Amino acid sequence: MNFEKVIFGFFVVLALTLNFGFFLGEMDNPAHHNVFELFAVIIVNFIATILKFGDRSQIGAVLLATSLVADLQLVTAATYWTVVVHITETGLTPDVMASIISFTGGALLANIISTVILVTETLMSRL
């Protein structure tokens, strides 16, 4: 067992599960989506992205691309949340919350693609 691959797989799957946990719930209800969980998703996704920098294969490039897309979507969601709550003081209206959840939904899709590629690569190495 390669310990480096265990750490890599751990962070990829943790990013996916945290992202799913934040995404789950009514789309326009702020009570169903915790800001600290969004923060945790961003941090874990950044760690997963950093771990992908070392892989120079074609699959590694695709994994890095999916992770960068997820990072961009998550940072956009957090930035939008921060601007709406602290700068414009509009508050978390149902429309705002739906937009934030939409951004994290895009990140969730990127994390699902990344996990599918990781599992496929693992299965291919066994053949």
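Guide: Happy to. A crossing is left-handed if the near helix is turned anticlockwise from the far one by less than a right angle, and right-handed if clockwise. Please keep in mind that this is a predicted model.

Visitor: Thanks. How many helices and strands are there in the protein chain?
Guide: The protein chain has four helices and zero strands. Read from the N terminus, the order of elements is α-α-α-α.

Visitor: And what does the C-alpha trace span along its principal axes?
Guide: About 55 × 25 × 20 Å for the protein chain.

Visitor: Which hand does the crossing of H3 and H4 have?
Guide: The crossing of H3 and H4 is left-handed. As for the classes of residue in this contact, 19 are nonpolar, nine are polar and one is charged.

Visitor: What about H2 and H3, at what angle do they pack?
Guide: H2, residues 35-52, packs on H3 at about 155 degrees, and their axes are 9 Å apart. The two helices are therefore roughly antiparallel to each other. H2 also passes H3 in a left-handed crossing.

Visitor: Which residues of H2 and H3 meet there?
Guide: On the H2 side, Val35, Leu38, Ile42 and Phe46 are among them, and the H3 side includes Leu64, Leu68, Leu74 and Trp81. By class, the contact of H2 with H3 has 14 nonpolar, four polar and two charged residues.

Visitor: Let's switch to rings. How many aromatic pairs does the structure hold?
Guide: Two. One joins Phe10 and Phe11, whose ring centres are 5.2 Å apart with the planes at 80 degrees, so this pair is edge-to-face.

Visitor: Is Phe11 buried or exposed?
Guide: Phe11 counts as buried because its relative accessibility is 18%, and the cut-off for buried is under 20%. Phe10 has 47% relative accessibility, so Phe10 counts as partly exposed.

Visitor: And which residues form the tilted pair?
Guide: Phe22 and Trp81, with 6.3 Å from centre to centre and 40 degrees between the planes. This pair links distant parts of the chain, as Phe22 sits in helix H1 (residues 3-23) and Trp81 in helix H3, 59 residues apart.

Visitor: How accessible is Phe22? And Trp81?
Guide: Phe22 is buried, with a relative accessible area of 0%. Trp81 counts as buried as well, at 10% relative accessibility.

Visitor: What share of the protein chain's residues count as buried?
Guide: 34% of its 127 residues.

Visitor: One more topic, the backbone. Which residue has a positive phi although it is not a glycine?
Guide: That would be Glu89, with a phi of about 55 degrees. Glu89 is found in the loop between H3 and H4.

Visitor: Is Glu89 buried or exposed?
Guide: With a relative accessibility of 64%, Glu89 counts as exposed.

Conventions: Residues are numbered from 1 along each chain as its sequence is written. This is a predicted model: local features need pLDDT of at least 70, side-chain atom pairs count only at pLDDT 80 or more; totals for chains, interfaces and linings use all residues. Side-chain values use heavy atoms; hydrogens and water are left out. Ala, Val, Leu, Ile, Met, Phe, Trp, Tyr, Cys and Pro count as nonpolar, Asp, Glu, Lys and Arg as charged, and the others, Gly among them, as polar. Axes are lines fitted to C-alpha atoms, for helices over the stretch in contact, and angles run from 0 to 180 degrees between N-to-C directions. Angles under 35 degrees count as roughly parallel, over 145 as roughly antiparallel, 65 to 115 as roughly perpendicular and the rest as oblique. Contact means heavy atoms within 4.5 Å. Rings of Phe, Tyr and Trp (its six-membered ring) pair if their centres lie within 6.5 Å; planes under 30 degrees apart count as stacked, over 60 as edge-to-face and the rest as tilted. Buried means under 20% relative accessible area, exposed over 50%, partly exposed in between (1.4 Å probe, protein chains only).
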